[in-house]
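Student: Could you walk me through reading a contact between two chains?

Tutor: Happy to; let's look at it together.

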Protein chains: 2
Amino acid sequence: MKRWKLTIEYKGTDYCGWQRQDAQPSIQQAVEEAVYKFCQQNVTLHVAGRTDAGVHARGQVAHADLPDRDISGYELAKALNAHLKPQPISIIKAETTSEEFHARFHAVNKLYHYRIINRSPFLTFDANLAYHFKRELDVKAMQDAATVLVGHHDFTTFRDTGCQAKSPVKTLDRLDITVRDYDGQGGREILFALEAKSFLHHQVRNMVGTLVLVGEGKWTKKDVEAALAAKDRTKGGPTAAAEGLYLIRVDYA
Amino acid sequence: MKRWKLTIEYKGTDYCGWQRQDAQPSIQQAVEEAVYKFCQQNVTLHVAGRTDAGVHARGQVAHADLPDRDISGYELAKALNAHLKPQPISIIKAETTSEEFHARFHAVNKLYHYRIINRSPFLTFDANLAYHFKRELDVKAMQDAATVLVGHHDFTTFRDTGCQAKSPVKTLDRLDITVRDYDGQGGREILFALEAKSFLHHQVRNMVGTLVLVGEGKWTKKDVEAALAAKDRTKGGPTAAAEGLYLIRVDYA
């Protein structure tokens, strides 16, 4: 057997998320079925970070042990993609790796993006690919409040109650918010970029939902400070829509 | 009656183009039907630039005369969008204009983009939204050859044989080609930006198809010069795929 590292791009809209579930299409199932068609063996994929229903990935990483074959990464990606097509799931890189490599345990950094399209007209190109927020948002206030969340904290307030991580304490290395013209007519794209070694379940979406309250003027930076200090999910803002979230990149040492 | 200027965004994939055709869904028909539902009158839209089947727009412009009503542009766009949804067609701006305004005849500049995604794996997010070109392209050679086409020329070589324009002589003010990382795995997005007061039918796609021949190393800059000088469509390159083309903006004096 040979261990392969696969980098995967997918549009999560029509999937129940990464993980296999009975009677619902998952990304994991789609890729494992492509692997089966390639080598006629049932192979389990181990993923860097499970994504929820509707969440997208530009650079998800998974590893799998495949039977030895004289095949290049380019050829393996091509073969798997032939089976995946026309599903919106594409292996953008396949490479052999050491037998010890683990996509989840060896990740040293993850980059997520969260996209908000802030305009009144509904979305065409970005339907299901961004969170459509119609009312005005104060990006400066959001940027200022975001600084509260960066660093080493107990993130219980922003952790889904079903989260299975051992500890709610994490280090958020980066939470940048940038804004740019979207449509030439006043519409704006507000992009959140978040980096950490690992995140709690729903952490990004719960932090974004909270910062949107600040953008709306309903909350202040002080409210975000108090919410974080409370270590209580009921004191945090709502969970922002799945469709705005992208796993962009997973880094390894 | 009041004359309105509408700025329209649409994904052209599932449409036969802007113009109404029997038994095929067109952008024009969709918007005119939305107008009918709004005011119970059959109103004809006059467009800045007809787009072909599969071509997209980020800022198409059309004008129409609507019955007098005390309504703001914001409200009109909202009302029409309520009827257009969930089609991938959105009125991103509606504004009243003078009775003389003509979306097509008064346009002083148009900006088109043509997107190529240059990588081996098939497209997920950009399926139908860019031209997927798998083999390597020499962008520098394309940029150099593109300079041949800028300026005042007889563009017969790049004009569809069915084109109804009176003259093949046009001034191409800009043809920039830029390249950027697309997927973090070597995939690149090659973006063509073209500006002129007006274009011939298929001119952008025929010029792009010709420059792709240069990118592949099949043609040189000199071949492009010779093709332009020939004033003969059969001496030009192929018509690049519709799905890469976007009408981005129409400017008025």
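Tutor: Chain B and chain A bury about 2,400 Å² between them, and 62% of that is on carbon and sulfur atoms. Buried area is the accessible area (1.4 Å probe) that two parts lose on being put together, summed over both. This is a predicted model, where local features need pLDDT of at least 70 and side-chain atom pairs 80 or more, while totals for chains, interfaces and linings use all residues. Residues are numbered from 1 along each chain, chains are lettered from A, and side-chain values use heavy atoms, without hydrogens and water.

Student: How many residues does the contact take from chain B and from chain A?

Tutor: With contact meaning heavy atoms within 4.5 Å, chain B gives 29 residues and chain A gives 29 residues.

Student: How many salt bridges are there between chain B and chain A?

Tutor: A salt bridge puts a side-chain nitrogen of Lys or Arg within 4 Å of a carboxyl oxygen of Asp or Glu. The count here is two. B:Glu9 forms a salt bridge with A:Arg119, with the closest N and O atoms 2.8 Å apart.

Student: Which aromatic pair do A:Phe125 and B:Tyr246 form: stacked, edge-to-face or tilted?

Tutor: Rings of Phe, Tyr and Trp (its six-membered ring) pair if their centres lie within 6.5 Å; planes under 30 degrees apart are stacked, over 60 edge-to-face and the rest tilted. The structure holds 14 aromatic pairs over all chains. A:Phe125 and B:Tyr246 form a tilted one, 5.7 Å centre to centre with 40 degrees between the planes. Both residues, A:Phe125 and B:Tyr246, are buried (under 20% relative accessible area, 1.4 Å probe, protein chains only; exposed is over 50%, partly exposed in between).
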